[in-house]
Amino acid sequence: MARFLRGAALAAVVLLGAGCSGSDTSDGKSGSGPPSSLGSQKLDWGRCKATSDGPAPGGDWQCATMKVPLDHSKPDGETVDLALIRSRATGDADERIGSLLFNFGGPGGSGVSIMPPYASLTDQLHERYDLVSWDPRGVAGSEGVRCRDDEEIQAAEAVDSTPDDAAEETAFFEDASDFGADCAKGAGKLLAHVSTTDTARDMDLMRQVLGDDKLHYFGISYGTELGGVYAHLFPKNVGRLALDAVVDPTADTIGHAKNQSLGFQRALESYLKSTDQDPEEGTRKIANLLERIDAEPLATSSERRLTQTLAITGIVDPLYTEHSWPALTSALDAAEDGDGTELLAFADEYNERDPEGRYGTGTHSQRAISCLDQKQRPTAEETKKLLPEFRKISPVFGEFMGWDTAGWCHDWPVPGQVDNPEVSAPGAPPVLVVGNTGDPATPYEGARKMADELGEGVGVVLTWQGEGHGAYGSGSDCVDSTVNGYLLEGTVPKDGKVCS
């Protein structure tokens with residue numbers, strides 16, 4: 001089972017002396033903040049080490065560990081270590097603005113791993129900012145959540161994520177229950193403290209420790225939700241916030257699933273048009289292929305077989321970037337001929353499985369964070385009533401996303417916190433919200449809703465009429481120059497500006 005939300009950077013990379021000037025109090029607004037022992041901690045920056053995701057970055061990259069409270073309501077209690085990475089500004093010291101924090105989405109994406117390759121897109125920003133990212137609590141190097149070993153993960157691939165009968169339904173929900181229990185066993189008390197709100201509070205402590213009066217931030221995909229929550233909690237500490245590939249903050253669990261069904265269906269139809277296929281006929285052909293795979297998984301070049309769930313994941317992965325569309329054509333043609341090897345490779349890429357059969361933990365962290373965030377827990381019966389609507393939205397992705405609403409957080413060991421994240425930020429300076437009309441994972445409508453929720457005079461929308469997940473660094477000089485102008489000079493574009 002895999003929920004389809006991650007950062008544009010992650011998709012692209014896979015495919016290609018501090019003050020205490022304002023932290024949170026019990027009301028979630030600016031105030032006295034964590035104890036001085038944490039707010040004034042000095043980071044021991046040094047050479048980065050290799051991680052399970054890749055070799056150590058060279059050049060000027062430095063890594064450090066920062067301590068944050070496990071429970072922010074007990075700021076002098078137990079702490080959690082966060083893994084940080086940075087590269088100092090390359091320009092003149094007197095032109096330096098400060099630190100620019102990046103969150104690349106997921107939730108569950110490792111900023112320590114993604115930041116160095118992503119930096120090639122940010123040369124202008126790097127001149128005046130220290131580029132900084134981190135593994136949020138529960139992610140990778142920051143005491144990451146791991147719920148299953150590699151063999152258990154691969155075995156769970158046999159579970160049908162769109163159950164067709166009582167036996168498959170039982171297996172589907174038993175697997176979900178087991179996964180939650182495994183997470184509770186692996187993460188312990190941390191599992192109740194990996195919410196987006198927890199991480200937003202970590203960010204404000206990070207701002208202090210890095211020595212910045214204001215937080216300058218670039219959030220992608222889930223990172224936009226994180227940025228919105230930060231702006232709500234700490235409006236007085238907001239510097240320049242750019243949010244790209246925007247999550248709809250007004251959507252609950254079911255709303256998000258409907259949004260993604262719509263977004264991926266739109267992207268699929270755009271892909272089909274690019275191959276001179278009728279979108280309706282092409283969609284029907286792919287849906288029929290998935291039905292056949294559900295009945296009889298396809299052989300591959302390995303001993304593994306391509307199940308329907310893996311096939312859907314294999315179609316989703318290349319829809320994140322238009323550059324992968326030709327490879328999707330090849331994979332679908334091969335599948336029609338009975339060979340699931342290429343779609344399986346795409347699914348493995350999405351699921352962070354390497355050729356040796358080792359899996360990353362991104363989906364574990366994603367589930368732990370999102371299930372703590374989301375209060376809504378649809379039942380099996382509620383989901384079944386919604387399935388016709390999901391199928392109407394997308395004959396290819398709808399049923400998968402519909403069942404996901406019931407299975408993803410089924411029997412989760414800790415209760416969810418909210419139905420919707422609170423992102424209203426009265427008193428904050430303008431926040432740049434970038435939406436892409438062809439975004440599959442975070443449909444364009446979310447950008448305007450985020451801007452509206454941030455509040456009048458705060459949310460400013462920039463639209464790119466393009467394809468793929470995210471806009472910045474995707475080939476639009478208009479988008480890149482507008483975002484750079486905002487982050488570097490504080491130039492706020494007219495709300496509603498369109499880049500075609």
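This passage describes the overall build of the chain and then its second largest pocket.

The model is predicted, so local features require pLDDT of at least 70 and side-chain atom pairs count only at pLDDT 80 or more, while totals for chains, interfaces and linings use all residues. Residues are numbered from 1 along each chain as its sequence is written, and side-chain values use heavy atoms, with hydrogens and water left out.

The chain holds 18 helices and 14 strands, taken as DSSP runs (helices H or I, at least four residues; strands E, at least two) numbered from the N terminus. Its radius of gyration is 22 Å, close to the 23 Å from the globule rule for 500 residues, so the chain is as compact as a globular protein of that length; the radius is taken over C-alpha atoms, and the rule is 2.2 Å times the number of residues to the power 0.38. Of the 500 residues, 59% are buried (under 20% relative accessible area, 1.4 Å probe, protein chains only).

A pocket here is an open set of points on a 1 Å grid over the protein atoms alone, where a 1.4 Å probe fits, with protein on both sides within 12 Å along at least five of seven lines; lining residues have an atom within 4 Å of a point. Among the 41 lining residues, Glu225, Val247, Ala251, His256 and Gln374 are the closest to the pocket centre. Helix H9 gives the largest share of this lining, six residues.

Notes. Buried < 20%, exposed > 50% of the residue type's maximum accessible area, 1.4 Å probe, protein only.
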